[in-house]
Structures are given as C-alpha cells and as structure tokens.
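Me: I would like to go through some of the labels given to this structure and ask what each of them rests on.

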Amino acid sequence: MELQHQRICLVHYHEIGLKGHNRSTFEKRLLKNVEALLVDFPVVTIHRIAGRLCVFLREGCDRKTAIEVADTIKGVPGVARVSCGFKCERNLVEMGQVAIEALSECEEFETFKVHARRNHTDFETDSMQMNQIIGADLCRAFPEKGVKMKDPDITVVVEVVQNASYIYARSVRGVGGLPVGSSGKVVSLLSSGIDSPVALWRMARRGAICIGVHFSGRPQTADTSEYLVDDIAHVLEKTGCIARVYVVPFGDYQKEIALTAPPSLRIILYRRLMFKVAEELARREHAGALVTGESLGQVASQTLDNIRATDQAVNTLVLRPLIGADKLEIIDSAQKLGTFEISSQDAPDCCTLFMPRSPETHAKIPDVLEAEASLPIEEWVKEIADAAEPHDYKCPSYRPPRTQ
Ligand code: ATP
Ligand code: MG
C-alpha cells in the first residue's frame with residue numbers, strides 16, 4: 001500500500017508590525033481563534049512553525065476535507081494566506097514524491113516552479129540543490145507543463161524546518177487583518193440592512209470583538225428583522241468575530257416619541273435613543289466604541305448635521321467605517337461576506353415604523369434637545385438596556401462581563 005503522508009494546512013499572516021511581544025500575542029490569539037473554529041474538523045493539533053501556523057490533519061483525511069479546512073481558515077481575520085500540503089521526512093526521494101502529489105492536487109495550471117528553503121536545520125542539501133532535484137522530479141511527472149520562474153501559475157514550496165519537511169502547492173488568499181481579540185471590543189448597531197453587517201465586519205477584521213445591538217419594532221411590528229439579524233450573525237460567526245447580539249424591543253418607545261415630538265425630528269430622536277441604549281450596553285460590556293453602518297449623504301439621517309445631532313447624544317467614541325464608502329462598494333463587500341442575500345429581504349424594523357413624511361435633513365441641536373426635554377430619556381435607557389435580550393454566538397476571544 002502506498003504510504004500516506006500527513007496532510008497539513010499552513011496559515012500565513014502578514015508580518016508587518018509584528019515585533020517582540022506583539023508578535024507572540026498575535027500568534028497565540030490567531031492560533032486560539034483558528035483552533036476554536038476547527039473543532040468540528042478532523043484536526044489533530046496546531047503548532048507554530050517558522051512564522052506560520054501549521055494545522056495537522058488526521059490520518060486518512062482526503063483532499064476534499066483539506067480544502068474545506070482551508071476554506072474555513074481563509075475567512076478568519078489575521079490570515080493572509082492558507083496553503084494545503086503535506087509534512088514528510090527530510091529525504092529527497094520522498095520529498096520529490098510528495099511534491100508530485102501536492103502539484104497533482106492543484107486545479108488548472110500550465111506553469112509552475114519550485115521554491116525551496118531551509119529554516120533552523122542542519123539539512124545538508126541547500127535550497128538551490130533542492131530546487132533542481134525536486135524540479136527535475138516534477139518535470140518528469142508533468143512533461144506537458146512548463147517551468148516558469150517569473151509569475152508561474154503554481155509555486156511548489158518545499159521547506160525544511162528542523163527535522164521535517166513541509167511541502168505545499170495549493171494556496172488561497174485569506175481575508176487579512178488582525179486576529180479578533182487583539183484590538184478590544186466594540187458595540188455595533190446592527191439592523192437587518194446591507195450596510196451595518198459590513199461595518200461590523202470591517203471592525204472585526206481589524207481585530208475588534210463585536211457585540212451587536214438590534215432595535216426591533218416589536219411589539220409594534222412583527223419580529224421578522226430579528227430572524228434576519230440572527231441569520232446575519234450566523235454568517236459572521238463562521239469567522240469567530242461576533243460574540244453576542246442584544247435584541248431590543250423598541251416599538252413602544254418609538255410610539256411614545258412619535259406622539260410627542262415634532263414629526264420632522266422623530267428619526268433623530270429615535271436614533272439618539274438607540275445610541276444612548278447602545279452606549280449603556282457598551283458600558284456594561286466594557287466595550288470601547290460604538291459602530292454604525294452610516295455613509296455620508298446616503299439617506300436623510302446621514303447628513304453631516306444629522307450625524308452631529310445623533311453623535312451629541314453620547315460621550316462614547318462612535319466609529320463609522322463606511323462613512324466614505326459608496327453603496328455599490330458596500331454591496332460588493334456584503335456579497336463577499338455572504339450577508340447580502342439575507343439583508344436584501346424585506347423586514348419591517350424600527351426604522352420603518354412611524355416614519356415622518358418629510359424628515360429634517362439639517363437638525364439643529366437646540367431644537368433636538370428641546371424636543372427631547374419632555375421625555376424620560378435616562379429612565380428609558382436603563383429600562384430598555386435591562387430588557388435587552390442577549391443571544392450568544394461562538395467567539396473564542398470573548399469573555400462575558402461578570403456583572404451585567
Ligand atoms: P443599514 O443598511 O445598515 O440598515 P441604512 O442605509 O438603512 O443602513 P439607516 O437606517 O439610516 O441606514 O441606519 C444607519 C445605521 O444605524 C445602520 O447602519 C445601523 O448601524 C444603525 N441602525 C439602523 N437601524 C437599526 C436597527 N433597527 N437596529 C440597530 N441599528 C440600526
Ligand atoms: Mg436600515
């Protein structure tokens with residue numbers, strides 16, 4: 001029977017800015033995140049080897065499983081590239097066979113080259129010689145393919161590290177960024193629309209643990225938007241970036257606002273209350289910022305004046321990763337992220353409730369404060385935050401606050 005080589009996935013990350021203590025914190029965080037997301041896959045262990053993570057797959061795993069593992073890993077923030085390959089002995093004959101196996105698993109290609117290197121090893125064959133020997137083996141096995149030194153379709157990488165060699169050819173790009181849990185925690189206002197999941201994802205990709213807050217029109221509307229937000233959270237959960245979503249029944253408060261405030265200022269008042277509740281939840285979660293999917297000028301509530309009028313309601317830092325993005329760019333990101341289809345479904349949420357016919361586009365803060373003055377805002381904020389319903393998702397770097 002032919003000897004089966006141990007399948008591996010090598011996880012590469014960008015090394016820019018990774019120095020000293022930073023580097024090992026980054027690597028440990030990434031390792032834990034990847035490990036947690038692979039619990040249901042046949043993985044034996046994950047080690048740090050020569051500046052990468054090496055995921056060792058269980059004996060008997062086939063190519064399809066290895067590809068599934070790589071596809072899961074590539075979506076994890078902090079991953080620059082994932083390669084599928086094998087670990088084998090430091091023996092040139094065996095290494096040649098494994099290189100052939102690795103290359104034969106690549107999809108369509110016309111040209112290739114070998115890139116060999118040695119790392120922390122006393123292996124006597126140098127990289128030039130390895131390139132030649134293994135390159136010759138591959139040319140014999142693939143006579144119809146061409147060797148190309150500059151920009152080949154496939155590079156077969158052969159690395160000898162200490163007492164073993166690692167050989168891989170199939171590589172896919174990762175999402176890049178920083179591992180979730182390396183940049184603190186944020187509270188992200190999550191509607192069931194297209195923009196806010198993308199905004200959340202951008203923060204997650206920079207290493208923030210994300211807590212969603214969704215304001216539902218319940219009990220004044222159906223709870224459809226809550227199901228959509230749950231579906232969105234499940235998509236995000238696959239990358240380990242979302243820890244929790246607080247669902248907030250908001251319809252009754254909107255009704256109260258609609259009954260007392262001038263119609264043109266309603267939306268601003270809804271949004272100020274949303275921000276205040278999100279700020280209170282951020283305080284309870286020890287999160288450092290709020291995040292929204294606002295984009296300048298997209299709708300009436302997103303003019304500079306109106307953004308300023310909502311911002312003024314809170315003392316917390318509000319981040320708007322999409323402020324300068326175009327709708328088409330956002331749609332493109334939502335499609336790549338896998339949330340676009342869900343977000344395109346119609347659901348009445350608190351935003352569609354009690355909408356005025358002509359909303360103010362240039363709100364003045366004194367008018368807003370006057371309209372708000374007769375409402376028991378502080379009392380509401382506590383009441384609404386207490387009634388928020390937490391839904392938990394799998395996020396390996398998240399620790400729930402001890403006191404709620
Ligand atoms: P989105 O596509 O993200 O819903 P939008 O273009 O519909 O955005 P708005 O409705 O003005 O714009 O919302 C702006 C931002 O306010 C959203 O991106 C989101 O961060 C927040 N937001 C709006 N509605 C809700 C909601 N029901 N629950 C939580 N956050 C919301
Ligand atoms: Mg919306």
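Me: Why is Glu 159 called buried?
Reply: Buried means under 20% relative accessible area, exposed means over 50%, and partly exposed is in between (1.4 Å probe, protein chains only); Glu 159 has a relative accessibility of 3% and therefore counts as buried. The model is a predicted one, in which local features need pLDDT of at least 70 and side-chain atom pairs count only at pLDDT 80 or more, while totals for chains, interfaces and linings use all residues. Side-chain values use heavy atoms, with hydrogens and water left out, residues are numbered from 1 along each chain as its sequence is written, and chains are lettered from A and ligands numbered from 1 in the order in which they are written.

Me: What makes the pair of Glu 159 and Arg 117 a salt bridge?
Reply: The term requires a side-chain nitrogen of Lys or Arg within 4 Å of a carboxyl oxygen of Asp or Glu, and the side chains of Glu 159 and Arg 117 meet at 3.1 Å, N to O. The pair links distant parts of the chain, with Glu 159 in strand 7 (residues 154–161) and Arg 117 in strand 5, 42 residues apart; helices (H or I, at least four residues) and strands (E, at least two) are DSSP runs, numbered from the N terminus.

Me: Why is Arg 117 called partly exposed?
Reply: The relative accessible area of Arg 117 is 28%, so Arg 117 is partly exposed.

Me: How do you know that Glu 27 and Arg 48 form a salt bridge?
Reply: Their side chains meet at 3.2 Å, N to O, and the pair joins helix 1 (residues 20–37), which holds Glu 27, to strand 2 (residues 43–49), which holds Arg 48. Glu 27 is buried because its relative accessible area is 5%, whereas Arg 48, at 43%, is partly exposed.

Me: What makes Arg 90 and Asp 122 a pair that ties parts of the chain together?
Reply: The closest N and O atoms of Arg 90 and Asp 122 are 2.8 Å apart, in a salt bridge. Arg 90 lies in the loop between strand 4 (79–88) and helix 3 (92–104) and Asp 122 in the loop between strand 5 (111–119) and helix 4 (127–141), so the pair ties together parts that are 32 residues apart in sequence.

Me: Why does Asp 122 count as exposed?
Reply: Asp 122 has a relative accessibility of 59% and therefore counts as exposed, whereas Arg 90, with a relative accessible area of 25%, is partly exposed.
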